[in-house]
Amino acid sequence: MDKAGSGSRALFPKGPSFTLEDFSNKDFIVRDFVDSLAENALSQNRRSGAAQQPFDPKPLIRAFENALEGLGSLSEELQEKESELLTQVRRAEVQHDHTLDTLGRKLDQSIHQFEALDVTLNNPSTNDRGSRGEAGGNIAVQIGEKLEELDRKRRRAIDANFLIHCWLQVSETGELTSLQDIQRQGGSENKVRCAVIAHQLMRISQRLDPASWSQTNGHQRNGNLNGVNGVEKSHNTREILEKFCETLEQDLLKQFNNSYRKQNFDDMMECAKVLYDFNGGASVIAVFVNQHQFFIDRDQLITDEVAVDGETWDQLADPDAEPPGVEPSLQSLIDEVRIIMQEESFIIKRAFPYYETVLVKFIQRIFQQSVQQRLEIVLEKASTISSLAFLRSLHSSRTYIGALIEDLKAHGLTEHPEPCSAQIAQTLDQQMEELFVPYIMGNSYIDREKRSLEELFTSLLFRFNIYHSRRKKAPTGFMASLAQRTNQLMESAKDAYLERLESSDLTPTQKATMLRVARVQETDNNKNEIEVSEEEGYLTTANAKRMMTWLAESVRRTLELGSPSDTPKDVAILLNLLMMHMGQVYVETALDAAHERATSQENAKTEPDLSYLPSIRPAVTITSIMSRFISTVLIRLAESNTTVRRSMEAQSKVGIEAIEKKTNSVMKSTMDVIVNWVTKSLSQQKKLDFLPRDELDLVESLQTATCTSICLFLSRCTKLLVQSVDGHNLEVFSSELALAIQLLVFEHFKKFKVNATGGLMVTKDIAKYVATLKEWPLSKDVEAAVELLTEIGYLFIIGPEALRERSRNLAAGAAGSSSTTKKLGKADFKGFIQSRDDAKSVGVQSVLSGL
């Protein structure tokens with residue numbers, strides 16, 4: 001059985017079996033596979049025993065056969081699958097080609113549509129697709145707007161979702177974890193978002209949690225939460241949100257300060273943007289302005305006293321000295337402000353998105369704190385010196401600060417190099433106005449100017465008024481009543497000066513100035529009894545020029561400090577002051593005094609004293625200067641107000657006419673005085689002066705005593721007249737006076753008998769009279785009338801034949817008309833011929849009968 005069993009195993013040996021995985025393995029190598037088969041066959045033969053059996057290839061053949069069969073079936077299966085796959089590939093290629101063709105057509109169509117849309121958007125007015133392309137463009141715009149709107153809605157929805165989440169978080173848990181996470185991320189956008197959400201949460205808290213806004217301390221019971229009543233709430237959303245906002249604000253301000261020290265303008269800009277969205281930028285503006293080094297340094301110096309030497313203050317209070325200019329400490333501050341404003345405007349422009357608002361606050365702080373405080377200190381110091389020092393300090397300060405304002409406008413500040421914006425220019429003008437409004441509002445400024453000028457005018461005219469208040473007044477009459485108002489004004493001006501000197505509010509410097517201007521000593525106890533000379537009662541143009549200089553300076557200050565709308569009213573006040581002090585108190589008082597002296601000598605028994613005449617010329621000069629200043633300055637400044645201008649014109653006209661009338665009265669009275677004295681002198685002519693007994697008297701005297709005294713008197717009058725009037729006025733007065741004297745002389749020689757020798761005396765007297773009168777500037781007609789006097793002398797010395805020849809050239813007219821004509825009249829000719837001692841002779845009578 002064993003043999004049988006072993007034989008059966010030997011006859012049907014079982015070969016190795018293989019699967020598809022053995023051949024499909026990536027490590028399969030044919031050579032290694034055959035070697036393994038042979039190795040297996042040899043190992044089996046070795047195990048069979050010592051008896052060697054021949055190699056049996058059958059198992060291997062069977063194995064190969066089985067393998068070949070399997071390979072054949074696999075080959076067939078592969079061929080079938082390959083055919084199937086090839087068929088699928090061909091179908092896929094056909095489908096792919098079809099898809100590519102379709103996509104190509106669609107791409108071409110899309111490209112064509114895009115090009116058409118592009119043409120429509122870029123050239124909406126092209127030819128062939130005008131209306132259609134325009135519609136396409138509108139559609140594109142509408143689509144864009146809708147997309148933007150949808151994006152906004154999406155963002156709003158996201159923000160709303162986050163906002164609701166934050167509200168629920170703070171109201172339910174009392175925390176702001178989500179917002180704090182955003183804050184920790186840093187960055188400008190995140191900070192802005194935190195600020196915006198925090199403000200929105202504050203508004204939500206006011207709406208949904210009013211209890212937290214009404215309670216002050218502790219918890220709120222039986223309140224409402226999210227609009228639901230009856231629910232207990234233990235979190236005060238207001239306090240939580242305010243605390244978060246405060247923390248966020250402080251962090252941003254700290255970051256802003258650090259960036260400012262490092263000059264990191266970009267980071268400053270980000271912080272400023274966040275704080276602007278957070279609380280309108282008030283906190284960051286306050287931090288920037290209040291902590292500026294300029295204000296810190298100036299706050300330490302603002303209490304410093306005004307350090308100016310006494311000489312400068314004395315010059316400021318001296319009306320005859322030029323103003324020294326702006327006070328040095330104020331000037332230093334203004335110069336520093338100019339530099340700081342220009343430098344800081346550059347920083348503000350780069351550090352703040354709302355730079356104009358910041359610049360406005362910075363300007364307000366500088367002017368309202370530093371400039372205003374220093375200005376108040378300077379003006380307060382000036383007011384303790386004198387009223388004029390205060391006015392000059394106010395004017396110089398206003399001028400210097402005004403120059404600063406104009407420089408800043410021209411510089412442009414944040415708009416440099418262009419001029420500054422309208423808002424900044426308005427702010428600068430407003431600060432300028434607010435600085436000086438307390439000093440110029442209402443009538444306060446013009447009242448100061450008026451008081452200052454009144455003090456100076458009354459001081460300057462004090463001795464003049466003292467003199468005229470003591471002079472002996474003329475008897476009461478018509479002209480005295482006209483001068484009554486002038487005398488009252490003079491007395492009131494003198495009393496006002498004395499009263500002001502005793503005033504308690506008068507500063508020592510101001511009192512010293514008033515005494516110096518009035519030329520009065522402090523040691524004079526009774527200043528109303530001081531000694532004054534006659535010269536101090538005369539008019540002088542020097543005093544008038546000083547008064548006009550003071551007034552011009554006051555007008556300049558008024559024009560620059562006052563409001564343009566108030567200028568007409570202010571100059572009207574100054575005009576009234578000028579007309580009263582210079583016109584009435586000064587000029588008219590002097591003219592009244594001259595008129596009183598002239599009228600008092602009209603019937604004088606001794607030769608009249610005309611020494612008052614030289615006061616006429618300064619009166620005319622002063623009046624001319626005053627009139628010119630009024631018409632060219634004061635009235636022109638009042639042209640904007642027709643009513644005030646007309647009132648000023650009428651007032652000046654009345655005042656000038658009053659002076660002119662008084663001047664004419666003085667000259668008329670002077671002429672009466674001269675004529676009356678000449679008349680009186682002629683009346684003292686002796687009857688025998690022109691009937692000398694022999695020629696010895698003629699040799700001893702060139703003229704009669706009467707003629708000599710009259711001519712000497714007229715020569716003295718000529719010197720005084722030349723000093724009093726000139727030009728056309730002197731010619732008119734001289735001509736009128738010469739005619740009056742010519743008439744007196746003309747009639748005078750009709751009253752005396754004249755012999756042949758006396759005729760020579762008459763000729764000499766008349767020649768002297770004519771020579772004296774011709775020294776004056778006469779008109780041609782008057783000069784011809786004076787020359788007519790020479791004809792009288794010839795009538796007394798020529799013979800009958802010469803008289804007959806002269807009688808043929810006589811002028812027709814009544815007696816006395818010859819004095820105003822170039823020819824002698826028949827009546828006057830007859831009168832003079834009858835005064836000859838040989839008038840009854842045959843020759844002379846024949847001439848008279850021939851008339």
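Trainee: What makes the contact between the side chains of Arg617 and Asp726 a salt bridge?

Mentor: Keep in mind that this is a predicted model. The N to O distance between Arg617 and Asp726 is 3.5 Å, and the cut-off is within 4 Å, so the pair counts as a salt bridge. The two partners come from distant parts of the chain, 109 residues apart: Arg617 is in helix 25 (residues 616-637), while Asp726 is in the loop between helix 28 (705-724) and helix 29 (727-748).

Trainee: Why is Arg617 called partly exposed?

Mentor: Its relative accessibility is 29%. Buried means under 20% and exposed means over 50%, so a value in between is partly exposed. Asp726, at 45%, gets the partly exposed label too.

Trainee: How do you know that Lys668 forms a salt bridge with Asp672?

Mentor: The closest N and O atoms of Lys668 and Asp672 are 3.6 Å apart, and that is within 4 Å, so the pair qualifies. Lys668 and Asp672 are 4 residues apart in helix 26 (residues 642-683), which means about one helical turn separates them.

Trainee: Why is Lys668 called exposed, and what is Asp672 called?

Mentor: Lys668 has a relative accessibility of 55%; the label requires over 50%, so Lys668 is exposed. Asp672 has 26% and is therefore partly exposed.

Trainee: Which parts does the salt bridge of Arg557 and Glu449 tie together?

Mentor: The side chains of Arg557 and Glu449 meet at 2.6 Å, N to O. Arg557 belongs to helix 23 (residues 541-561) and Glu449 to helix 18 (residues 444-460), so the bridge ties together parts 108 residues apart in sequence. Both Arg557 and Glu449 are buried. They also belong to a network of salt bridges with Arg392 and Glu553.

Trainee: How many salt bridges does a search of the whole structure find?

Mentor: The search finds 30.

Trainee: And how do you know that Cys194 is in no disulfide?

Mentor: The whole-structure search finds 0 disulfides. For Cys194, the nearest cysteine sulfur, that of Cys166, is 8.7 Å away.

Trainee: Why do Cys194 and Cys271 count as buried?

Mentor: Cys194 has 0% relative accessibility and Cys271 has 2%. Buried means under 20%, so both carry that label.

Definitions and conventions
Residues numbered from 1 in each chain as written. Predicted model: local features only at pLDDT ≥ 70, side-chain atom pairs only at ≥ 80, totals over all residues. Heavy atoms only, no water. Helix = DSSP H or I, 4+ residues; strand = E, 2+ residues; numbered from the N terminus. Buried < 20%, exposed > 50% of the residue type's maximum accessible area, 1.4 Å probe, protein only. Disulfide = S-S within 2.5 Å.
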